[in-house]
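Good morning, and thank you for making time for this item. Please look at the sequence and the structure as they come up on the screen.

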Amino acid sequence: MAELHKFLFDGLPVRGMLVRLTDAWQTVLARRSQNPQTGPYPEPIVSILGEMAAAAVLFQSNIKFDGALVLQLQGDGPLKLAVVEVQPDLRFRATAKTVGAIEGLSRLSELANPGGTGRCAITLDPARRLPGQQPYQGLVPLHGDRGEPIERVQEVLAHYMLQSEQLDTRLVLAANDTVAAGLLIQRLPLQGEVNLAGRNLAQDEDQIGRNEDYNRISLLAASLTSEELLTLGAEDILHRLFWEESLLRFEPLVQEQGPRFACRCSRERVSAMLKGLGREESDAALAERGNVEVGCDFCGQQYRFDAVDVAQLFAQATGGSQPSPDAWQ
Ligand SMILES: [Zn+2]
């Protein structure tokens, strides 16, 4: 069962979140394995994409953004693209694209950044976009400030958080073929939305004490191993790390309130994409194979259009606006 746990440290300006994606993550992998055009993800891709999925769910529920949060890794090695999209209600989907041989490669720098131009992007796409409004996007490279290689997704994202949110954040991620899990610890801003144990955070300027609290909790979080994150349940993880701290727990988000797999593709969206590409593209596919076939990269669903479907599609397609290339996704 996928679950998301939120908690505060009583009296301290620190909050935390723990996510464990189990059946939802297994669904993502099973659909990929069942897709005859792709086959299963190679093992290192499972771990990179799973860690990204856990992180994207944590980020979406951390910022409570009214729109899709898209975490994307664009690589210049065998791993060309890894994408996770999370809706405000925590429905998510994920996909990755690799080219060429992966065998023997396991490090993030070898897979996605051998040429040094790999990027990680977080896009916030508002649910109700105003005319002309662009989605917000932040970018970080897949290496450190002095070009040193970064081998973990959590390090790339820590870099991102430092640049964009400017809030101290500790992220611990791990994923295998059954679990994708993550722990996020964050220092609350000074004008915090919580005021715990009667302490007025906004007026308390004793920064040093505050940093010590955050640093202690952050170090505890960093002591969590991948093995523990993958094998222990949420209660055991929180107890193992924070048994000496006083945690204020929120009701866990599970099942229909929690993170779950869902794809947004549909025949209508695929139709809109084909229209956007133009009739020549569809006619070429018809001439070659007798039908137009489009598969969804996220869920593996195949959409088929025969000559009659295509004729109907373009008979209706007079006028109207050009759909964006990603409209079908
Ligand atoms: Zn789909």
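Predicted model: local features only at pLDDT ≥ 70, side-chain atom pairs only at ≥ 80, totals over all residues.

I begin with an open sheet of six strands, ordered 7-6-3-4-5-12, with mixed pairing. Strand 7 (136-141) and strand 12 (260-261) are at its edges; each has a single partner strand, so one side of each lacks a neighbour in the sheet. Further in, strand 4 (residues 79-86) and strand 5 (residues 91-98) run antiparallel and are joined by seven bridges. Within that pairing, A82 has A96 of strand 5 as its bridge partner.

Across strands 3, 4, 5 and 6 lies helix 2 (residues 43-63), at about 30° to strand 4. The largest nonpolar core has 70 residues, and helix 2 gives the most to this core, with 12 residues. Among the members touching the most others are L49, M52 and V57. Beyond its neighbours within four places in sequence, M52 contacts L71, L73, A82, V84 and V153. There is also a second, separate core of eight residues, including L274 and F298.

Let me turn to strand 9. Which way do its residues point? A180, G182, L184 and Q186 point one way, while A181, L183, I185 and R187 point the other way. Eight of the eight residues of strand 9 (residues 180-187) are buried, so this strand is largely enclosed by the rest of the structure. Strand 2 (residues 14-21) runs antiparallel to strand 9, with eight bridges between them, and V19 stands opposite G182. Strand 8 (residues 169-175) is also antiparallel to strand 9, through seven bridges, and a hairpin of four residues joins the two.

Key. Residues numbered from 1 in each chain as written. Pairing = 2+ DSSP bridges. Contact = placed C-beta atoms within 7 Å. Axes fitted to C-alpha atoms, helices over the stretch in contact; angles between N-to-C directions. Core = buried A, V, L, I, M, F, W, Y, C linked by C-beta atoms within 7 Å. Buried ≥ 20, exposed ≤ 12 C-beta atoms within 10 Å, placed from the backbone.
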